[in-house]
Amino acid sequence: MRATVIHAPHDLRVEEVPDARIRHAGDAVVRVVRACICGSDLWAYRGESARKPGQRIGHEFLGVVEETGADVSGLRTGDLVVAPFVWSDGVCAYCAEGLTTSCVHGGFWGSIGEQGQSDGGQGEAVRVPFADATLVRLPADALSDERLLTALLSLSDVLGTGHHAALGAGVRPGATVAVVGDGAVGLCGVLAAKRLGAERIIALGRHRARTDIARDFGATDVVAERGDEAVAAVRQLTGGQGAHAVIEAVGTEQSMRTAVGITRDGGAIGYVGVPHGSGTGLDLGEMFDRNIALRGGVAPVRTYIPELLPDVLNGSVDPSPVFDLTVGLGEVPDGYRAMDERTALKVLVKL
């Protein structure tokens with residue numbers, strides 16, 4: 001089968017690799033129908049996140065079950081399914097608590113572990129461990145609805161990650177929320193804040209096409225400034241106090257400093273931007289003095305899919321506009337270049 005592999009920074013190739021196959025009785029093989037490129041994939045593409053030459057890449061996909069192992073009871077060949085970006089066994093103590101990303105038997109698509117190389121999501125097929133616990137069945141008729149299929153793909157990562165940030169920030173009905181970052185996760189954070197009842201949502205971003213989507217998703221205000229100027233602008237919009245809840249969806253030191261600066265005393269920051277480029281760290285004294293809470297991390301999206309799926313199916317939540325460029329599998333390297341050059345927000349891979 002064909003799959004995307006990374007050989008070196010800026011050197012991605014679509015190559016022939018061994019076919020995905022059942023290795024354990026709880027596995028399933030999923031033929032990928034839709035995949036996409038994540039902003040976090042760019043850190044490997046740019047050489048800021050280590051990868052071994054020839055390693056698979058991609059962690060967001062949905063597709064059709066092609067084969068199941070002997071112990072798989074909840075899925076059948078032909079089922080349309082979505083996969084969260086981490087597989088999990090569904091029975092360990094962490095899974096029972098909903099923290100599926102800390103599953104003791106879990107793993108990340110494309111990773112290299114004790115059992116060798118796992119399949120990446122940007123390929124023709126994927127072997128899914130613990131298929132019953134990991135995969136979520138979708139309505140079969142979604143295959144004929146392009147918009148819905150695209151929206152459902154967001155359940156694999158970005159929609160659940162935005163929701164995780166909103167929960168970490170303590171978004172509640174009537175709250176003022178600020179979102180740092182105008183990438184796909186930040187925009188899904190706007191959607192999540194609106195869904196949870198926020199009264200005012202301030203989107204921080206500099207790209208008109210993206211902030212237009214933020215407004216469509218529920219943002220009431222847009223702040224284009226950065227750094228100290230952004231802090232001043234948000235403070236002005238909020239009567240000098242800042243936002244009750246702040247979503248940080250970038251992961252740089254500057255973005256986190258901005259998040260702290262725009263948080264109201266007694267408020268909270270939900271951070272889901274993958275940390276990178278942080279040198280001097282944060283001043284915990286400021287957070288202590290102002291009673292600012294910090295919650296977040298890797299989103300356990302498998303836990304959130306059952307909650308978010310009905311709203312995606314009925315159209316009350318539609319994250320599909322975050323996908324603004326579609327490529328075929330052979331064009332995935334072009335998709336990475338487009339996202340790296342910021343000419344695309346999030347690239348959909350259609351197989």
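Start by selecting Asp11, Arg13 and Glu15, which are linked in a network of salt bridges. A salt bridge here is a side-chain nitrogen of Lys or Arg within 4 Å of a carboxyl oxygen of Asp or Glu. A search of the whole structure turns up 22 salt bridges.

Before the next click, some housekeeping: this is a predicted model, where local features need pLDDT of at least 70 and side-chain atom pairs count only at pLDDT 80 or more, while totals for chains, interfaces and linings use all residues. Residues are numbered from 1 along each chain as its sequence is written, and side-chain values use heavy atoms, with hydrogens and water left out.

**Stop 1**

Helices (H or I, at least four residues) and strands (E, at least two) are DSSP runs, numbered from the N terminus. Two strands pair if DSSP finds at least two bridges between them. Strand 1 (residues 2-8) and strand 4 are joined by two bridges. Click isoleucine 6, and you'll find glutamine 55 of strand 4 opposite.

**Stop 1: a salt bridge across the chain**

Stay in strand 4 and pick arginine 56. Which residue does arginine 56 form a salt bridge with? The partner is aspartate 119, with the closest N and O atoms 2.8 Å apart. This pair links distant parts of the chain, 63 residues apart, since aspartate 119 sits in the loop between strand 10 (116-117) and strand 11. Both arginine 56 and aspartate 119 are buried. Buried means under 20% relative accessible area, exposed over 50%, and partly exposed in between (1.4 Å probe, protein chains only).

**Stop 2: strand 11**

Next, select strand 11 (residues 125-128). Ala125 and Arg127 point one way and Val126 and Val128 the other, yet all are buried. Strand 11 pairs with strand 3 (residues 28-36) in the antiparallel sense over four bridges. One spot to check is valine 29, whose bridge partner in strand 11 is arginine 127.

**Stop 3: serine 88 and the cysteines**

Go to serine 88, in the loop between strand 7 (86-87) and helix 2. Is serine 88 buried or exposed? Serine 88 is buried, because its relative accessible area is 2%. Leaving aside neighbours within four places in sequence, serine 88 touches several residues, including Cys95, Cys103, Phe130 and Arg302 (contact means heavy atoms within 4.5 Å).

Cysteine 103 counts as buried because its relative accessibility is 8%.

**Stop 4: a surface patch**

Show the surface and pick Tyr94, Leu99 and Val104, which make a nonpolar surface patch of about 260 Å². Patches are made of residues with over 30% relative accessible area and no salt bridge: like charges are joined within 9 Å, nonpolar side chains (Val, Leu, Ile, Met, Phe, Trp, Tyr) within 5 Å. The areas come from the Shrake-Rupley method with a 1.4 Å probe; for residues, only the protein chains shown count as cover. Tyrosine 94 lies in helix 2 (residues 93-96) and is partly exposed because its relative accessibility is 38%.

**Stop 5: along helix 7**

Select arginine 208 and aspartate 212, whose side chains meet in a salt bridge (2.9 Å, N to O). They are four residues apart in helix 7 (residues 208-217), so about one helical turn separates them. Arginine 208 is exposed at 63% relative accessible area, whereas aspartate 212 is partly exposed at 32%.

**Last stop: helix 8**

Finish with helix 8 (residues 227-237), where Gly227, Ala230, Val231, Ala233, Val234 and Arg235 are buried. Their cover includes strand 14 (200-204), strand 15 (221-223), helix 9 (253-262) and strand 17 (263-271). After helix 8 comes glycine 239, with a positive phi near 65°.
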